[in-house]
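Let's take a walk through this one, starting with a cut-off and then working from the aromatic rings to the strands and helices.

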Amino acid sequence: HLRQAELPQQALARLRDGLRGPDEGDDRVQVIEGDLQAFEDVVARLGLLQLELGPALLFCPADRPDRYEKAAERADAVIVDLEDAVAPARKAAARDAMIGHPLDPDTTIVRVNAFDSGYFADDLMALGQTGYHTIMVAKAEDPHQLSGLDRYRVIGLCETARGVLAAPALAATKNVVALMWG
């Protein structure tokens with residue numbers, strides 16, 4: 001049940017203004033308890049935004065294992081980043097850190113380098129030594145490449161025009177669980 005006191009003051013003011021007719025001077029509004037559908041209709045008509053928040057995702061450079069736990073404490077899920085957050089000279093150290101400092105596999109996503117980066121195969125070999133099962137693939141463009149990662153839950157990161165155009169096919173790939181834009 002919704003009560004007037006539970007509505008933010010600004011939203012309540014907009015609700016009152018929207019319900020008051022042009023000839024009505026009375027600004028009293030009764031939000032009828034239990035009439036949620038009518039309330040939602042008014043909210044939609046007035047453009048009031050109802051947000052459902054979450055999950056909070058936090059990127060953490062894979063070569064900074066000293067930040068892993070702090071990131072895990074402050075987010076719903078941590079994205080251990082082997083890609084852009086790590087300089088080329090630090091890629092091997094980042095993979096070693098990922099292996100040596102495990103987080104909860106259910107709340108950890110590993111962002112791997114793009115297929116054509118020259119780092120992708122090494123990223124997958126390192127992942128094979130962990131319990132992680134969700135990966136974010138940088139510069140995802142080809143659904144056939146993603147479907148070949150069938151041992152993982154895949155988040156395709158659409159960062160190129162080709163990736164954006166391929167988004168419907170990427171999303172339809174069996175092991176793809178989400179798309180993100182970058």
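A quick word on burial before anything else: a residue is called buried under 20% relative accessible area and exposed over 50%, with partly exposed in between. Keep in mind that this is a predicted model.

With that cut-off, Phe-115 lands in the middle class: its relative accessibility is 24%, so it counts as partly exposed. Phe-120 has a relative accessible area of 9%, so it is buried. These two rings form an aromatic pair, and the structure holds 1 such pair. A pair like this is described by the distance of the centres and the angle of the planes. Here the geometry is tilted, with 4.3 Å centre to centre and 35° between the planes.

| Residue | Relative accessible area | Class |
|---|---|---|
| Phe-115 | 24% | partly exposed |
| Phe-120 | 9% | buried |
| Ala-166 | 14% | buried |

Ala-166 sits in the loop between α7 (161–165) and α8 (167–172). Its C-alpha atom is 7.8 Å from that of Pro-143, and 23 residues separate the two along the chain.

Now for the strands. How many of the residues of β2 are buried? The count is 5 of the 5, so β2 is largely enclosed by the rest of the structure. In a regular strand the side chains alternate between the two faces of the sheet. In β2, Ala-77, Ile-79 and Asp-81 point one way, while Val-78 and Val-80 point the other.

Strand β1 (residues 57–61) runs parallel to β2 and is joined to it by 5 bridges, with Cys-60 partnered by Val-80. Getting from β1 to β2, the chain passes through α3 in a right-handed β-α-β crossover. β3 also pairs with β2 in the parallel sense, over 4 bridges, and there Val-80 has Val-110 as its bridge partner. The chain goes from β2 through α4 to β3, and this β-α-β crossover is right-handed too.

That brings us to α4 (residues 91–100), whose buried residues are Lys-91, Ala-94, Arg-95, Ala-97 and Met-98. Viewed down the helix axis they fall within an arc of 160°, so they line one face of α4. What do they pack against? Their contacts are with α3 (68–74), β2 (77–81), β3 (108–112) and α5 (120–127). Lys-91 also lies over the face of Tyr-119, at 5.1 Å from the ring centre.

Key
Residues numbered from 1 in each chain as written. Predicted model: local features only at pLDDT ≥ 70, side-chain atom pairs only at ≥ 80, totals over all residues. Heavy atoms only, no water. Buried < 20%, exposed > 50% of the residue type's maximum accessible area, 1.4 Å probe, protein only. Helix = DSSP H or I, 4+ residues; strand = E, 2+ residues; numbered from the N terminus. Arc of directions from axis to C-beta. Contact = heavy atoms within 4.5 Å. Pairing = 2+ DSSP bridges. Right-handed = clockwise from strand over helix to strand, strands pointing away. Phe/Tyr/Trp six-rings, centres within 6.5 Å; stacked < 30°, edge-to-face > 60°. Lys NZ or Arg CZ within 6 Å of the ring centre and 35° of its normal.
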